[in-house]
Each structure stands twice: as C-alpha cells, then as structure tokens.
Amino acid sequence: MGDKFQLIHDVSPGTTGWTVKVVVAEKFSPRIAQRSPTKYQNLTFMDSEGSTVQATLYGQNITAFQDELLLGKTYLISNALVKETNAEYKAKSGEIQWTISGRTRIRRVEENNSNLLISTYSFTDFEDLPKYMDSNVDISVIGMIIDIKPRRIIQTRFGKECQVQDLVLVNKRFDTVLLTMWETFVDNECKYICQNLRKKLILIGKHLKVTSFNSLSISTKADSSFFIDGEFELVEEFKSWGHTNSEIIDNMISEKHYLTSTPSKLSSKLSVPTAEKDFTEIKNIQGLKTVKQFFWIKGKASVKVLNQTYWYMSCNNCNKISSENYGDIYPCVFCKCTDAKAIPRAKVYMQLTDPTGFINATAIGNPAEYFLQSNAEILMNQTLIPTAASMRLSMDEDEIFYVKAITQELSPDCKFEILFIVNPSQIAGAKNKGKAPVEHIGEPIKFLEPTTKRSLFHSDTDDAQSSKKKCDKSTIEITKKNQ
C-alpha cells in the first residue's frame, strides 16, 4: 500500500495535515444508538501494517457516503475528526476512533489489497464449530452458498418481532451448516444472495457465533460483516473447487439432505464431556435465576406426570403451536409464512435426576422422540394414558443431557429445556475404535411402531421441506442499484 502516507497509529487527537491510506476492512449495518434516536454506522479501516481503527458515520452522512466507502476498497483519508474512545467502549473499539463527515476528504485508490485484508482472517473449520457452541467467541467462516430458505418472522421472548433467513453453506469436504441471518442482513445480503443463488456465491463472514439452534448452526451478531464473492485468491480457489465438483454439489442441492430432520454431522461431533468433573451437578442449578445458560448433565430422566399431552400441532416453518388440523396449509401468524403446513411435534415434561438432586425439564422434537422411543405421529394418534408398554417413561442407565436454562415471563426461576441426549456407551465405543469422541456414530433406534432412524445426538431440528420454496416478494425485490 506504499509508505509515503501516515499510518493509523501516527494519527491522534490534535494531529493535523495527515493522510492515511486504508482499506475498508469491515462495514457494518447502520444502527440506532441505545441512548438517543441518532443513526450511526461503523466501519473498520486497515493500513499497510495491518493496524485498524474504527470509523463512524452519523445521520445523513450514512447515505451520503454509502457509495464512497466500499468494502474491500482502498482510499486516502484525511481531515476526519479524531478523538479518544469513551472508556466503556475501548476494549472493543480501540483507544482512538475517527468520525467521517462532509469535511472529511476521501479519494479512491485503484489498488488491490485483498491479500493483506484476508491475511487478518482466521477461519474456523466447520468440524471445529461445535467447540464454540453457545459461547461468546467470535468466529469467521468461508463457504459456498448452495441454498436459502424463505424469510420468516420470529418473536423473541421479549415479544419483539424479528425477521430472519437461513442460508446453507458447504465446505470443501461437503459438510453443510446453517447460517441464520438476522434483521438488516435479510434486507441487504439476503436479497442479493436470493437474486444470485444460481451463481453459487462464496461467502466470507466475520464476527459470527455458534448456537445450539437447529442442532448446531451459525448466527449473525450486531457487528457481523460479510464479503460475498469478494476479490480474493481464496474465493477464486473455492470457485474452482466448486466448478470441479459441480455435479456433486448439484446433487446435494437437488436431494436436499441438509434439510432433513436428522442431526447434521457437525452436531454429532460435539465435544461431549467424559470426565465427571466436567458435568454440572443438578444441585448447583436448582432455583437458578440467571438468564440463558447451558449445561452438560449426566443422569437419568423419567416421566412423573403420566397424564400430559405428548405432542402439539405446529407450523413446519417455525415450530410454533398451530390450531389447524394435521396436514392443513395455512398462513402462520407467528412466522408470517403464507403456506405453512400443520404437523405434529413431540414434547414431554419430565424429571431429570442425578445423585445430587432433580430438576423438571421439557424436551421438544427429536430429544422427546428419542426419550419416549416413539414419534410425533404415533403420539398424536395415541388416545390412552401411556404405559411402559406403549412408550419409554424412564431410563435405566445414565445418559448425557445438554440443557438450556432460560428465564420465564411470570416466574423468577429459570425453566429448563433438553436440547441433546447422548448415549455414553456409544461415545465409549467410538473411542475404542480409535475415532474422535464425537464422531458420527449412532445405531438406529427401534421404535414401538414403524422405525425411524436417529443418530447418537438426538436434537431438535426443523422438519424437511418437501420442495424448494421461492423467496417471497419482499426477499427477492432487487433495487435498480443492485441490478
């Protein structure tokens, strides 16, 4: 990038007559300030030594500069307002920040500094994603976009409606993972992706998180940023791989095995604890009042209340409860899907115990089916109070549970939901065979009626969609500018 200009660390409050050559390393979506109605947009600039500084646009300047500061492009910047970052934001934003305004001089430089930019990325392999599940660790990924699900509306536990849309990414080992895009990413990135899906775009994402939703998936955060088909050698290599393996990828898209309810290979590689010290004792979470925590527990589960409903009718798109009849096509009031299908979903309220105590917990979807040794359709058609002859009501041996604790609206105490159930003997069997502790193992489980295969990790995932839905009109609307 040359040495005749100042570097970022040369510029401090009070410095005059400076010019820094930078590449736009990150460009975040505009946001509304928490303590005022002011709209702002953050960018990250990088100089030739890899040093970075956060720059901010406010109000009307966001629109004024939207075509001026493009992601991945190089610019000469001078006369920006330089000030110290507020103490509470220094850990995240750095000591100094720049404000871009109409007085700032910006000149585009025709240089390709993509290799410098990409050298700062540390990509997480899909196989390593389980290590970061439900943690606060930021990850970066690269993958080919092979599918996009319909946009849907969800309601948070605080009652706020949010729009989300899921992408399916594949890596060079043909592993797939779901990436959930939230809010402004649906309006921006997803619109472009929907229009260009057939091109098999290569996505580079930064500041993402790994969640236990849908067995295991990636999700955006407020400060996530993306390059889509960026001008990087790494992207060209990925595209070349895609061209070489186009037949395999096309078959994956056609068969859509990645949409089935069987947990993905990624979720079956979770780092399940094996040492007793790594499990949480139930006595330590009884009466828990903090929000949204996750625990590995080793113990037994049993149904104490026999007279309960072991299923509910749900929307196949968002899993929310439905008043429709089985198989009906209807507009879902929760996710706003206009052609949702009513399907049964298993659920069970049970007691989880270990030598230190017990908690009451709910299992929904696949974990419920695994525990009950039955499936949702059978449970829906069952009219009598269940017995041990009709379904499993208790466990004879200890199993491993991945449990989420979340706050309740009308109670100070947390409620618990079981997200995964793992059979310890199968993990031990994998170790003895010289495989990784959480390789994709699992024997088919025999149900009391028609058999349904389940893998070792019995987790809750979306039901398969029988055919590819088109993006709704609001999703595929493309502005003249994007065209």
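Biologist: Is Gln373 buried or exposed?

Modeller: Gln373 is buried in this predicted model. Its relative accessible area is 18%, and the cut-off for buried is under 20%.

Biologist: Where is Gln373 found?

Modeller: In the loop between α7 (366-372) and α8 (376-381).

Biologist: And what is the phi of Gln373?

Modeller: Near 55°. That is a positive value in a residue other than glycine.

Biologist: What about Phe174, what is its phi?

Modeller: Phe174 has a positive phi of about 70°, although it is not a glycine. Phe174 sits in the loop between β11 and β12. It counts as partly exposed, because its relative accessibility is 26%.

Biologist: Let's step back. How many helices and strands does the protein chain have?

Modeller: Ten helices and 21 strands. The chain has 483 residues, and 50% of them count as buried.

Biologist: Which residues touch the most other members in the largest nonpolar core?

Modeller: Leu129, Leu167 and Leu179. That core has 33 residues.

Biologist: Which elements each supply at least two residues of this core?

Modeller: The strands are β9 (139-148), β11 (161-170), β12 (176-182), β13 (202-211), β14 (217-228), β20 (399-408) and β21 (411-422).

Biologist: Which residues does the second core include?

Modeller: Ile285, Leu288, Val403 and Cys414 are among them. This second core is separate and has 31 residues.

Biologist: On to helices. Which residues of α5 are buried?

Modeller: Val235, Phe238, Trp241 and Gly242. They lie on the same side of α5, because they cover an arc of only 120° around the axis.

Biologist: What is exposed on the other side of α5?

Modeller: Glu233, His243 and Thr244.

Biologist: How many residues does α5 have, and what does it reach from its first C-alpha to its last?

Modeller: Helix α5 covers residues 233-244, so to speak twelve residues, and reaches 17 Å. That is close to the 16 Å expected at 1.5 Å a residue.

Biologist: Back to α4, which of its residues are buried?

Modeller: Phe185, Val186, Glu189, Cys190, Lys191, Ile193 and Cys194. Helix α4 has twelve residues and reaches 17 Å from its first C-alpha to its last.

Biologist: Another loop, then. Where is Phe126?

Modeller: Phe126 is in the loop between α3 (114-118) and β9. It counts as buried, because its relative accessibility is 2%. From Phe126 to Ile142 is 9.1 Å in space, C-alpha to C-alpha. The two are 16 residues apart in sequence.

Biologist: Now confidence. What pLDDT does the protein chain average?

Modeller: The average is 81, and 80% of the residues score at least 70.

Biologist: Which elements have the lowest and the highest mean pLDDT?

Modeller: Helix α10 (residues 473-476) has the lowest, at 37. Strand β9 has the highest, at 96.

Biologist: Where is the pLDDT below 50?

Modeller: Over residues 433-483. Beyond near neighbours in sequence, that stretch still has 128 contacts in the model.

Notes
Residues numbered from 1 in each chain as written. Predicted model: local features only at pLDDT ≥ 70, side-chain atom pairs only at ≥ 80, totals over all residues. Heavy atoms only, no water. Helix = DSSP H or I, 4+ residues; strand = E, 2+ residues; numbered from the N terminus. Buried < 20%, exposed > 50% of the residue type's maximum accessible area, 1.4 Å probe, protein only. Core = buried A, V, L, I, M, F, W, Y, C linked by side-chain atoms within 4.5 Å. pLDDT = per-residue confidence, 0-100. Contact = heavy atoms within 4.5 Å. Expected span 1.5 Å × (residues − 1). Arc of directions from axis to C-beta.
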